[in-house]
Amino acid sequence: MRLLLLLIFLAAWALRLTRLDMQDIWWDEARNIDVATRALAQVAVAPELDIHPPLYFYGLHAWSQGAGVWRFSMRFFSVWFGILGLALVYQLTRKLGRDRETAGMATIAVLIAAVAPFALSEAQETRMYTLAWALLAAAQLALWAALDSRHQGPASWRRWALFAVLTAAALLTHYATAIVVLMWGVWLLVWALFSPQRWQRLRLLLGVGLGVIVLLVPVVPIALRQIPGYDNPNLVLPQLSQVVGQLARAFTVGEFAPSGVWRWGRWLWLLLVSGGLAGWRLRRRHLDGQRLSLLALWLLGSLAVFYLILVTRSAFDARYISFILPALWALTAWACWGWRRWGRHGPWLAGLILLALSLPALHADLFDPAHFREDMSGVTAYLQEHSRPNDVILLDQRYPFGFYWQRWNNDFYGQPPTEPAAQAPAQYLFVDITHEDQRRVDQRLTRLAGTAEHVFYVTWFESDMDPRGAVPALLNAFGTQTDEVHFRGYTVREWTMEPPTVFALPQALVRLDRQFAQGVTLVAGDWTGRSQAVTTQHDLLVALQWQLQGPTPQTLKVSLRLKTADGATLAQDDRLLLNDRHVHSSAWQAGETAINVYRVPAPTQAGDYVLTLVVYDAETLAPIGLTDGSGVEPVIGPVHEGLSP
């Protein structure tokens, strides 16, 4: 058994080290490395830590001092804790019973965890999840030792103190571990209340709880800054069946498993678990009921609480609840061991089947480019070839471009450095269309790109920096787009300019006062060609100011249309109605106003044209009409085109 266990651990090491530095650093990793490599005093107060406590970053900081800052070394930090987590999962499962058979059961648990696709993914990224799993597993083992009635006196207090320290460390690694800690607290409260030593146990738990709180006190100001404001009203709450399905797929056969493997694999998992449980019902031997119930509550209770939080926050991702995985792996092995009732080789056959089900997702994770992270190396290679020092590169994300490009600045309102002079300057562009100063996006563009002959704009596929499209609208209005290249996760667009360029959003807003149903009002607007004839073939810019009486029942979109005098539509621009926080109309505050930017191609013939718009339900496409009953597509105003026919 020991030889088999050693082989599994060696295979786990080899699997996690396979192509460890092959994929590019992506957003999360770059942010984590950037924060962790700052001065230690700056880590906890870094504004980039929008929803993370600092312990992981302190550890990564210390690691980087000795191991250096490069892809392999930074990711190896996660690999190490991933392997440590396997050893702790072995101990969790081994201590479920008091006979020699549990060593085999624990070996199966390590096998399941070693080949779990989700565990491989997190072990190969510079993120805090493998550290949090290890801390939770260690805390659970400390709790089991503290609960052992054979250890009393100072030895018991030391175990309770260790449990408090490890629990606090888990909470200082990721806030979502609080879901697991809450379930442990519920179990311990029941353990105390239903005991003849009720008050003694309650005093004990009070002391442990106070110890945890004392350890957490230094990060309370950070947590109060981060947690209350962490919300994204634009996210759509998935149905319970979708949540269960996505979690089950991610934590069993793997997110990247082919659909056929998932279709049949989920039933095999269910068969193996249910069949094993049936075997345990017929064959109960020397199991520790306390520990089994703690693991079950860790798994099932945490899932239930997670969904309740999901209902209120609408922030769903499998990794946020991945802290149940040590319990899942231990309980799955326990269920597989129940197959011993049907034959001595039954548990091992079950383990091999689970191994086989994991192989397609493991292969896809390591070797299928369709599942790789974003191709920043390809982006920078393209820019190196096509850009010149008198061009400018703009990006809608702060990370990870700076790890691949020297002449780069990611401050919100800074300027790119002047060296190396042979490279085009690159700048993170924060999009602001409300302030009447140099922070506004048109003035920022003038300062950054006013003298550039070519502007390259790099956008990330998950970015929400400019959902109103102000940057491409301005670039199209004052330049000509000449190229668009797609990379994995990124799009690079190029505009040719005629410097000097002074970018300007329409600012002379005129009162429009178009009132729609659901409390939606088009307050004012301005657009190219409103007051004087246009003599350019660049796109027309339109700025419209909206106001809502409150959240709308549905998410609304606006379709701006350029029409001829006889009503023929020449062009249109459909966009979600968003406020300055980029929130959908269904989550606006009462009385809130915001400017949205639209663009349509300029007419190619001289003449008079009109702008109209339609406000409609983004899901059903049903338009909402004006409150005066005059229709659903009001005329906004004229566009005068002065080009020669």
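How much space lies in the second largest pocket? The volume is about 850 Å³, in a model that is predicted.

**View 1. The second largest pocket and its lining residues.** This pocket is lined by 28 residues. Those closest to its centre are A248, L299, L300, L303 and L328. By class, the lining is made up of 23 nonpolar, 4 polar and 1 charged residues.

**View 2. The helical elements around the second largest pocket.** Two or more lining residues come from each of α13 (240-251), α14 (259-282), α15 (289-313) and α16 (325-337). The element that gives the most is α14, with 8 residues.

**View 3. An open sheet of 4 strands.** The strands follow the order β7-β8-β9-β12, and their pairing is antiparallel. β7 (510-516) and β12 (593-600) are at the edges and have a single partner strand each, so one side of each lacks a neighbour in the sheet. On average, neighbouring strands are turned by 25° against each other, with direction ignored.

**View 4. The pairing of β8 with β9.** Strand β8 (residues 520-527) and strand β9 (residues 540-548) run antiparallel and are joined by 7 bridges. In general, strands of a sheet pair through backbone hydrogen bonds.

**View 5. Helix α20 on the sheet.** Helix α20 (residues 470-478) packs on the sheet and touches β9 and β12. The direction of α20 makes about 40° with that of β12. Of the two strands touched by α20, β12 is an edge strand of the sheet, while β9 is joined to β8 by the 7 bridges of the previous view.

Technical notes
Residues are numbered from 1 along each chain as its sequence is written. This is a predicted model: local features need pLDDT of at least 70, side-chain atom pairs count only at pLDDT 80 or more; totals for chains, interfaces and linings use all residues. Side-chain values use heavy atoms; hydrogens and water are left out. Two strands pair if DSSP finds at least two bridges between them. Axes are lines fitted to C-alpha atoms, for helices over the stretch in contact, and angles run from 0 to 180 degrees between N-to-C directions. Contact means heavy atoms within 4.5 Å. On a 1 Å grid over the protein atoms alone, a cavity is a set of points where a 1.4 Å probe fits but cannot get out, and a pocket is an open set with protein on both sides within 12 Å along at least five of seven lines; lining residues have an atom within 4 Å of a point. Grid points are joined across faces, edges and corners, and a volume is the space filled by probe spheres set on the points. Ala, Val, Leu, Ile, Met, Phe, Trp, Tyr, Cys and Pro count as nonpolar, Asp, Glu, Lys and Arg as charged, and the others, Gly among them, as polar.
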